[in-house]
Amino acid sequence: MQSDPEILITAGRVRGRWRTAADGSRSAAFLGIPFAEPPVGERRFGAPVRVAAWEGTRDAGAFGATAQRGDPGITLIPEPSIPGDGTLNVNVFTPDPGAAGLPVLVWIHGGGFFSGSPASPWYDGRAFARDGVVTVTVSYRLGVDGFGHIDGAPSNRGVRDWLAALEWVQENIAAFGGDPARVTIAGQSAGGGAVLTLLGMPSAQHLFHRVWSLSAALGDVEPERARALTAAIAAAAGVSADRDGFASIPEERLLALQKQATAIDPKAAAQMLAAGLALGPEIDGELLPRATGASFAAGVGADKPLVLGTTDDEFTMIFARAARAMRWVPRSIVLGRLGLERRRRRAYLAANRDVAAHGTARVAGRYLTDRMFREKNVQLADARGAAPTWMYRFSWPSGRFGFAEHCLDVPFFFDCLDAEGIAPLAGDAPPPQLADAVHADAVAFVAGGDPGWTRWSAAQAARIYDVPVTERVGAYASVAPLR
């Protein structure tokens, strides 16, 4: 019987586990490796502190602690919470620790910047390892701890955690068979926004080389909005809106107040669209000197290839329960309540006839999807000008919901349709050939090649992930009436 794999990294020796997949492919997993000291006590609300070296061999056979404390259930991705203080850790999945020069994928999980877990079975790097890619999944501080604007504390602590994890990758990934000069960062939802934030950060450019963004929920929180959120939470807790005040709030109480302050109310969707996120990476004038689109337009990250896209109906599930009641409400009126100007409604409905045929709730969901995701992706791709950029749409309708909802593309990207929790999101028979295609494109890109379709340009050509997979010119024409 082969012994567990052991390797030496900068902080000490770690012991992982060999694993054999159903297809017979073998890989190694090293879980819960700390890249920074636990962010508790005096280190809470501070910048990440480099982990101290340890003696002996540290066991890396189980996931480390997560910043998420109890899954709030905002997505259908199974994302377990693991107790403990050492939440700043990484998980590494490698085809062979003895290899050299393998491409590296660093995954940043989503969850609205206040939830999510790198320990999800959907984020397992087994399939990427099978195809010669080293995968790293990253844990980072969430919610107010990671992103709240707190006087006396460094800004964007969650962003600083991403940077510290990427620094760890640069220093250590060669020990796992990876090449620090071939690092692709990727993520979905808040994670998709995270990698775009990093791509637009001048100070982060040396830490990665390619970017794949799925369904990006981009932060770019204005300072005034960030201050207003933490001021409201502090007032509700009866403390000052500074580091000492927040440190005095018990964790469970702070999580409850945070949940209340960030709850999405479908009736207030128009206000949400106008205001944007209140919790996430903040334009602080330091790490984030300006909005991501402005950074792209200024040429930041232009040397790095980027793939970005969304599912077709990210937010349609919000209106699912109200679909029967909404069927009697004229589509134009609903669009008006969601904030679309009267002069644009007819053109928008005409450009989305296929969706309008399914009812008012579907139109409302598509409009929110366009405003929050698809329109912004087009703007960001255009801002990059001639920089190498590819766009896609994940259009395959879920066998469970009948449309391509938020998170549906994740198990196709990771080629893990046999993982737990797939049926409630995708139905009982999601097409394996589509997973093969999405995953193969991702592997090709991470390995340093072209993802397999025409670059973004004025013609708006994009990959359409459906059965069959196609390419379409004018793929984002349906959002044109919003611009």
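I began with Phe401, which is partly exposed at a relative accessible area of 24%. The model is predicted, and I read its values as computed.

**Phe401 and its partner.** I looked up the ring that pairs with Phe401 and found Phe403; the pair is tilted, with 6.0 Å centre to centre and 35° between the planes. Phe403 has 8% relative accessibility and therefore counts as buried, since the cut-off for buried is under 20%.

**Other aromatic pairs.** I noted 27 aromatic pairs in the structure. One of them joins Phe128 and Phe414 edge-to-face, at 5.7 Å centre to centre and 90° between the planes. I placed Phe128 in helix H1 (residues 126-130) and Phe414 in the loop between helix H15 (410-413) and helix H16 (423-426); the two are 286 residues apart, and the pair links distant parts of the chain. Phe128 counts as buried at 0% relative accessibility, and Phe414 is buried at 1%.

I then traced a cluster linked by ring pairs; its members include Phe128, Phe414, Trp107, Tyr123, Trp212 and Trp453.

**Charges over rings.** I recorded Arg26 over the face of Trp18, 3.7 Å from the ring centre. Arg384 lies over the face of Phe296, 5.9 Å from the ring centre.

**Helix H3.** I checked the span of H3 (residues 157-172): at 1.5 Å a residue its 16 residues should span 22 Å, and the end C-alpha atoms are 22 Å apart, so the two values agree. I also looked up burial in H3: 12 of the 16 residues are buried, so the helix is largely enclosed by the rest of the structure. Among the buried residues are Arg157, Asp161, Trp162, Trp168 and Asn172.

Definitions and conventions. Residues numbered from 1 in each chain as written. Predicted model: local features only at pLDDT ≥ 70, side-chain atom pairs only at ≥ 80, totals over all residues. Heavy atoms only, no water. Helix = DSSP H or I, 4+ residues; strand = E, 2+ residues; numbered from the N terminus. Expected span 1.5 Å × (residues − 1). Buried < 20%, exposed > 50% of the residue type's maximum accessible area, 1.4 Å probe, protein only. Phe/Tyr/Trp six-rings, centres within 6.5 Å; stacked < 30°, edge-to-face > 60°. Lys NZ or Arg CZ within 6 Å of the ring centre and 35° of its normal.
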